[in-house]
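Hi,

Here is the model I said I would pass on.

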Amino acid sequence: MTKTLPLLALSVLLLSACGGSDTDLADGQEEMGVPVDELEEAAAAAPDGTAPLRCPPKVRKSLVGPDITGLRPGMTREEALSTVRCNLGEDAIVTEEKRWLDRLDTYGVELGTQFFTVEKGSYRPCNFAREWQECRGKFKWEHTDEIVSVATPGVPGKETAVAIWRTQKFRDGQMPSVDATLDALTGKYGQPQVRESDDSPRGYSAGTRDLQWIYDRAGNPLSEANPLFNQCRNGVYAASDNTSARWTQGCGLNISARVVLSGKNPGLVMEFHTAMIQQSDTYALVEGMGAELQRIGQARRDAEVKEAGNANDVSL
């Protein structure tokens with residue numbers, strides 16, 4: 001019985017989708033392993049002061065295509081954040097950042113949340129007097145089970161998910177098998193265009209298995225013979241603490257996965273990373289965002305000049 005639990009947990013975490021409203025589910029059907037009739041609206045805010053959690057999240061049914069636990073490029077920031085929080089629970093810690101794009105001229109416009117991270121695991125309030133070097137924010141983390149990060153660039157009110165990263169760090173006794181993890185990936189996304197193996201030990205790891213799915217803008221898988229192949233691969237990296245991304249016009253969806261083998265037993269997975277980006281959509285959004293920020297900034301400056309009055313108001 002205990003040997004099947006890690007695989008069951010993996011299949012729930014990897015393959016389930018949390019998108020959609022409660023009307024998407026039949027009576028008694030389960031959402032992320034929780035019966036619908038047991039889902040309740042949380043009355044209290046999360047430990048980090050985030051707004052009360054209400055599940056299942058409200059997500060547009062028109063959003064389709066590959067996902068990472070229900071997260072898809074094209075979601076609004078609100079859809080993405082509520083989906084992640086419903087997946088990880090109200091005790092998960094949310095961190096939001098106002099910048100994600102480098103070298104972006106905001107033209108004086110104050111941006112909303114451009115990037116957020118939700119982290120689940122074991123933590124406690126930090127004693128800054130004794131352990132400030134070990135603190136992240138207000139907490140000291142004993143173990144991180146899962147981290148989900150989403151880039152949501154956009155002008156105020158139009159923040160949109162463009163890139164998604166997910167990391168799972170399995171505790172002893174809960175590690176799924178490498179074969180089951182690879183089978184789950186190909187079962188969800190199909191056969192990858194890139195498959196690489198590295199059996200070089202690093203730290204506590206016995207090696208890695210890397211997979212990539214690379215598509216053109218029309219959604220067709222790219223072969224190595226296609227001139228776009230090398231331009232479109234590596235749009236995102238599935239690796240711990242790596243939330244960098246790049247995008248090229250003409251490239252489509254890029255999915256990356258890394259399976260980290262346990263140093264104690266190379267047949268088990270100690271860490272599992274996945275990442276996703278839609279490159280052409282990201283390119284279009286970023287270009288449009290720059291133009292819109294310039295328009296908003298110029299309109300604000302023009303309004304300030306008008307408010308300042310004319311020469312007749314100047315006293316010399």
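First, the ground rules. This is a predicted model, so local features need pLDDT of at least 70 and side-chain atom pairs count only at pLDDT 80 or more, while totals for chains, interfaces and linings use all residues. Residues are numbered from 1 along each chain as its sequence is written, and side-chain values use heavy atoms, with hydrogens and water left out.

Of its 316 residues, 46% are buried (buried is under 20% relative accessible area, exposed over 50%, partly exposed in between, with a 1.4 Å probe and protein chains only). The accessible surface is about 17,000 Å², and carbon and sulfur atoms own 50% of that (Shrake-Rupley with a 1.4 Å probe; for residues, only the protein chains shown count as cover). Among contacts with a separation of 6 or more, 62% are between residues 24 or more positions apart (a contact means heavy atoms within 4.5 Å).

Now the cysteines. How many disulfides does a search of the whole structure find? It turns up three, taking a disulfide as a pair of cysteine sulfur atoms within 2.5 Å. Number the bonded cysteines in sequence order and the pairing reads 1-2, 3-4, 5-6.

The link is left-handed, at -105 degrees about the S-S bond. Cys-55 sits in the loop between strand S2 (34-35) and helix H2 (77-88), and Cys-86 in helix H2 itself, so the bond ties together parts that are 31 residues apart in sequence. Both Cys-55 and Cys-86 are buried.

Another pair is Cys-126 with Cys-135, and here the sulfur atoms are 1.4 Å apart. Cys-126 counts as buried because its relative accessibility is 11%, and Cys-135 is buried with a relative accessible area of 15%.

That leaves Cys-232 and Cys-251, whose sulfur atoms are 2.0 Å apart. The torsion about their S-S bond is about -85 degrees, so this disulfide is left-handed. Cys-232 belongs to helix H5 (residues 229-232) and Cys-251 to strand S9 (residues 251-262), so the pair joins parts that are 19 residues apart in sequence. Cys-232 and Cys-251 are both buried.

Cheers

Terms used
Helices (H or I, at least four residues) and strands (E, at least two) are DSSP runs, numbered from the N terminus.
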